[in-house]
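The tour moves from stop to stop, with a selection at each one.

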Amino acid sequence: MSFRAEEFGLFVGGRWVTPPSAQRFETVNPATGETVGSFVVGSPDDVKDAVAAAHRAFPGWKATPAPKRGEILLEVARRMRRAKADLGGIVTREMGKVIAEGLGDVQESIDFIEYMAGEGRRLFGETVPSELRAKFCMTVRQPKGVVACITPWNFPTAIPNWKIAAALITGNTIVFKPASGTARCAAEVVRIYEESGVPPGVLNLVTGSGGVVGNALVADPRVRAISFTGGVETGRDVYVRGAQGLKMVHLELGGKNPVILMDDADLPLALDGVLFGAFGTAGQRCTATSRLIVHTKVYDEFLGMLTDRLDRFTVGDPLDPATGMGPVASADQEKKILGYIDLGRTEATLRYGGRKRTGGIYDRGHFLEPTIFETRHGTRISREEIFGPVLSVVRVGDYDEAVKVANDVDYGLSSSIYTRDVNRAFRAITDLEAGITYINAPTIGAEVQLPFGGIKNTGNGGREAGSAAIEEFTEIKSVFVDFSSKLQKAQIDRESAI
Ligand code: UN1
């Protein structure tokens with residue numbers, strides 16, 4: 001596909017607009033340094049306009065029958081499928097994940113949009129018996145109103161679509177604030193919604209910084225809910241600020257996800273899984289395998305297998321289908337990850353990698369080596385989220401120790417165990433403190449029809465995707481219909497009801 005950088009405005013009230021005195025910022029291909037797009041630095045006034053547009057559009061969208069909203073989403077999915085190759089290429093160019101994963105990011109978007117389109121014909125409530133005669137009780141779901149979707153750069157189409165499609169099918173209107181580093185992906189996604197017939201004002205896009213655009217959104221009293229995916233510190237700040245306005249705040253934050261490798265594991269299977277989990281997306285997934293907890297009986301053998309395989313693992317051009325791992329997403333990411341690698345050298349044993357690649361194509365981008373540290377549990381690299389291609393390996397003596405180590409971190413998103421013992425696998429499902437547990441599969445690769453999220457510092461109790469996405473974006477109304485034509489008092493008129 002031919003590719004060229006493009007200039008975008010904000011998308012407000014159904015129009016692409018560039019405010020007269022707007023400053024601009026650019027996004028950059030982390031593999032080559034080339035410009036991918038140019039965007040408006042949104043201001044508090046831009047946020048006001050976007051929220052006002054969403055607020056105006058809300059009654060009409062709420063009144064649109066949910067199956068009709070679903071038809072529009074199906075059209076979005078259709079168009080996204082047609083655009084998949086181009087959009088996947090843009091994901092790879094703007095964020096750096098290898099092309100199979102760029103396409104996977106878009107596929108995850110399509111899957112979820114289709115899933116949500118079907119929800120337009122469900123959005124189930126409950127019917128429940130009344131304690132009185134001639135009285136009917138039920139619940140119905142209603143949209144919250146204007147919602148803010150604040151999204152990260154690591155899944156630059158999938159995570160926005162998890163939020164946007166769920167918010168739209170349930171009848172909310174949206175102001176979308178994407179990560180600045182992947183604003184092109186965001187703008188392309190919004191374009192597809194626009195072309196698919198989403199009415200003006202229902203979905204608005206404001207690019208710009210979290211400090212200005214994000215904060216203005218969180219502070220606006222017309223924004224009733226905030227769905228945020230990103231780092232813990234920002235998430236906590238959004239939660240606190242949102243609480244001031246008594247808003248519903250949904251948070252998806254970090255992870256320090258373990259794979260437990262038991263002595264009865266299928267080692268070649270686990271090898272593929274650990275490589276994909278740790279170094280897929282260059283480790284920049286909330287779900288990435290950042291800890292490998294290995295039974296002492298298979299420790300040496302498995303580490304040998306892992307390093308042998310890494311010798312044949314290619315780091316390079318993410319558009320080349322043969323590449324194993326592309327660049328990390330930005331100069332900031334590179335700096336932060338190299339900082340952790342330096343720290344690791346002081347507190348653990350570097351077993352593999354650890355350097356920035358240089359020379360040739362590497363000099364144009366942010367290419368790091370897949371890196372493995374052997375460490376005892378408790379070091380900072382084994383507890384803190386690095387968000388890069390850095391795997392900490394910890395040796396354990398038995399299952400109980402493995403679970404103790406796995407659970408002894410501040411996060412609880414994803415987890416995995418490789419074992420052939422079915423009893424132990426089911427024990428792990430109970431024992432592992434995480435929102436997601438995989439058996440004989442890596443920690444990444446959640447499917448959209450299941451709830452996604454975690455415990456501890458990974459979030460604040462909610463889940464997105466799956467049926468949980470409906471909970472995230474709706475208010476439940478309890479409805480009592482008394483068709484007795486007389487006043488019946490609940491809790492009081494008990495006898496007459498019997
Ligand atoms: C994320 O990294 O925040 O389960 C999302 C996975 C993907 C989604 C990851 N389906 O790895």
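Start with Ala465. At 1% relative accessibility, Ala465 is buried, because buried here means under 20%. Keep in mind that this is a predicted model. Ala465 sits in the loop between S21 and helix H14 (468-472). Check its backbone: phi is near 60°, a positive value in a residue other than glycine.

Step back to Lys456. This residue belongs to strand S21 (residues 455-456). Lys456 is not a glycine either, yet it has a positive phi of about 55°. Buried or partly exposed: which is Lys456? Lys456 is partly exposed, with a relative accessible area of 30%.

**Helix H10**

Select residues 296-311. This is helix H10, with 16 residues. From first C-alpha to last, H10 reaches 23 Å, close to the 22 Å expected at 1.5 Å a residue. Where does H10 bend? Look at Phe302: the bend there is about 25°.

Now colour the buried residues of H10: Val298, Tyr299, Phe302, Leu303, Leu306, Thr307 and Leu310. In an α-helix, residues three or four places apart point the same way, because there are 3.6 residues a turn. Next, show what covers those buried residues. The cover includes helix H9 (267-279) and the strands S13 (257-261), S14 (289-295), S15 (349-352), S16 (371-374) and S17 (390-396).

The charged end of Arg395 sits over the Tyr299 ring, 3.9 Å from its centre.

**Around Asn154**

Another charge over a ring comes next. Select Lys97 and Phe155: Lys97 lies over the face of Phe155, at 3.6 Å from the ring centre.

Then pick Asn154. Asn154 is in the loop between strand S8 (146-150) and helix H5 (158-169). Asn154 has 2% relative accessibility and counts as buried. Which backbone oxygen does its side chain reach? Draw a distance to Gln284: the Asn154 side chain comes to the backbone oxygen there at 3.1 Å. Leaving out residues up to four places away in sequence, Asn154 touches Met95, Lys97, Asp105, Ile159, Thr281, Gln284, Arg285, Cys286 and Phe387.

**Aromatic rings**

Show the rings of Phe, Tyr and Trp. How many aromatic pairs are there? The count comes to nine. Zoom to Phe25 and Phe39. Their ring centres are 5.6 Å apart and their planes are at 35°, so the pair is tilted. Phe25 lies in strand S4 (residues 24-28) and Phe39 in strand S5 (residues 35-40), so this pair ties together parts that are 14 residues apart in sequence. Both Phe25 and Phe39 are buried.

**Helix H7**

Select residues 210-219 for helix H7. Its buried residues are Val213, Gly214, Ala216, Leu217 and Val218. What do they pack against? Show helix H1 (44-63), S8, strand S9 (173-177), strand S11 (223-229) and helix H8 (232-244).

**Last stop: Pro67**

Select Pro67 in helix H2 (residues 66-82). Pro67 is partly exposed, with a relative accessible area of 27%. Not counting residues up to four places away in sequence, Pro67 touches Gly120 and Arg121. Finish with a distance from Pro67 to Glu252. They are 185 residues apart along the chain, and their C-alpha atoms are separated by 28 Å.

Technical notes: Residues are numbered from 1 along each chain as its sequence is written. This is a predicted model: local features need pLDDT of at least 70, side-chain atom pairs count only at pLDDT 80 or more; totals for chains, interfaces and linings use all residues. Side-chain values use heavy atoms; hydrogens and water are left out. Helices (H or I, at least four residues) and strands (E, at least two) are DSSP runs, numbered from the N terminus. The expected span of a helix is 1.5 Å times one less than its number of residues. The bend at a residue is the angle between axes fitted to the seven residues ending there and the seven starting there. Buried means under 20% relative accessible area, exposed over 50%, partly exposed in between (1.4 Å probe, protein chains only). Contact means heavy atoms within 4.5 Å. Rings of Phe, Tyr and Trp (its six-membered ring) pair if their centres lie within 6.5 Å; planes under 30 degrees apart count as stacked, over 60 as edge-to-face and the rest as tilted. A charge sits over a ring if NZ of Lys or CZ of Arg is within 6 Å of the ring centre and within 35 degrees of the ring normal. A polar contact is a pair of N or O atoms within 3.5 Å; within protein, one must be able to donate a hydrogen and the other to accept it, and residues adjacent in sequence count only if both atoms are side-chain atoms.
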